[in-house]
Amino acid sequence: MTSELILGGQKSGKSRRAEQLAAAWLAASTDHRAVFIATAQPWDDEMRARIARHQSDRAERVPGMLTVEEPLQLAQTIQQHSLPDTLVVVDCLTLWLTNLLMPAEFTENSPPAQADPAVVAIFLEAISAAPGPLVLVGNEIGLGVIPMGREVRAFVDALGSLNQQVAQRCQRVTLMAAGLPLTLKDPA
């Protein structure tokens, strides 16, 4: 298995596909391991409940997968856990980028928040250098209307740029729509 970027809208089936890939990887050999890197942070009661539900669902669907919570140090966590016999799932890049940009403090005259290019470069290098299979999940949010707020437009631009850079480094790119995988890039 190679690296795969899975993109899609909310509730498109992105995480489910990543879990299916992890389950298949674990079933292929008793020597295989899987690690799930979660980037969400429990900012409020709704998010805490969502995270708990995802943890419970994931434990049921992929019982052998270890979960690591890491909202910011994504490159280092990939480097720590990626091994030839270990599939690493990162869910999700959109929340990771949000975490890098928060808290967004701005005035009308200040430029919108931007991710540190050095942090992004180190992350992209971690993808390229990963010795084991890697599955990265992110949102495709650039298909809708143009957001009204300058900060939201800047975030959509930053996420689109990140998605493009990650897609260049992954051997496979899949777009999820209505639970169906649409292959955008395949090494075959």
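I take helices (H or I, at least four residues) and strands (E, at least two) as DSSP runs, numbered from the N terminus. By that count, G160 lies in helix α6, residues 150–169.

**Ground rules.** I am working with a predicted model, where local features need pLDDT of at least 70, side-chain atom pairs count only at pLDDT 80 or more, and totals for chains, interfaces and linings use all residues. Residues are numbered from 1 along each chain as its sequence is written, and side-chain values use heavy atoms, with hydrogens and water left out.

**Overall fold.** I looked up the elements and found six helices and seven strands. From the N terminus on, they run β-α-β-α-β-α-β-α-α-β-α-β-β. The radius of gyration is 16 Å, close to the 16 Å that the globule rule gives for 188 residues, so the protein is as compact as a globular protein of that length. That radius is taken over C-alpha atoms, and the rule is 2.2 Å times the number of residues to the power 0.38. I also checked the box that the C-alpha atoms fill: along the principal axes it is roughly 55 × 40 × 35 Å.

**Burial, contacts, surface.** I call a residue buried under 20% relative accessible area, exposed over 50%, and partly exposed in between (1.4 Å probe, protein chains only). Buried residues make up 41% of the 188. Contact means heavy atoms within 4.5 Å. Of the contacts with a separation of 6 or more, 76% are between residues 24 or more positions apart. The accessible surface comes to about 10200 Å², and 56% of it belongs to carbon and sulfur atoms. I took these areas from the Shrake-Rupley method with a 1.4 Å probe; for residues, only the protein chains shown count as cover.

**Charges.** I counted Lys and Arg as positive and Asp and Glu as negative, leaving out His and the chain ends. There are 15 positive and 20 negative side chains, and the centres of the two sets lie 5 Å apart. Each charge is placed at NZ of Lys, CZ of Arg, CG of Asp or CD of Glu.

**Helix α1.** This helix covers residues 14–28, 15 residues in length. Its first and last C-alpha atoms are 21 Å apart, close to the 21 Å expected at 1.5 Å a residue. The expected span is 1.5 Å times one less than the number of residues. Which residues of α1 are buried? I found K14, R17, A18, E19, L21, A22, W25 and L26. An α-helix has 3.6 residues a turn, so residues three or four places apart point the same way.

I then turned to R17, which counts as buried at 17% relative accessibility. Leaving aside residues up to four places away in sequence, R17 touches E4, I6, R172, T174, M176 and P181.

Most residues other than glycine have a negative phi, and most peptide bonds are trans. K11 has a positive phi of about 60°. I place K11 in the loop between β1 (4–8) and α1, and it is exposed at 66%. A178 also has a positive phi, near 55°. A178 lies in the loop between β6 (172–177) and β7 and is exposed at 74%. A cis peptide bond joins D91 and C92, with omega about 10°. C92 is in the loop between β4 (86–91) and α4 (93–101).

**Two last residues.** G160 is partly exposed at 26%. A188 sits in the segment after β7 (180–185) and is exposed at 96%. From A188 to R172 I get 9.3 Å, C-alpha to C-alpha, across 16 residues in sequence.
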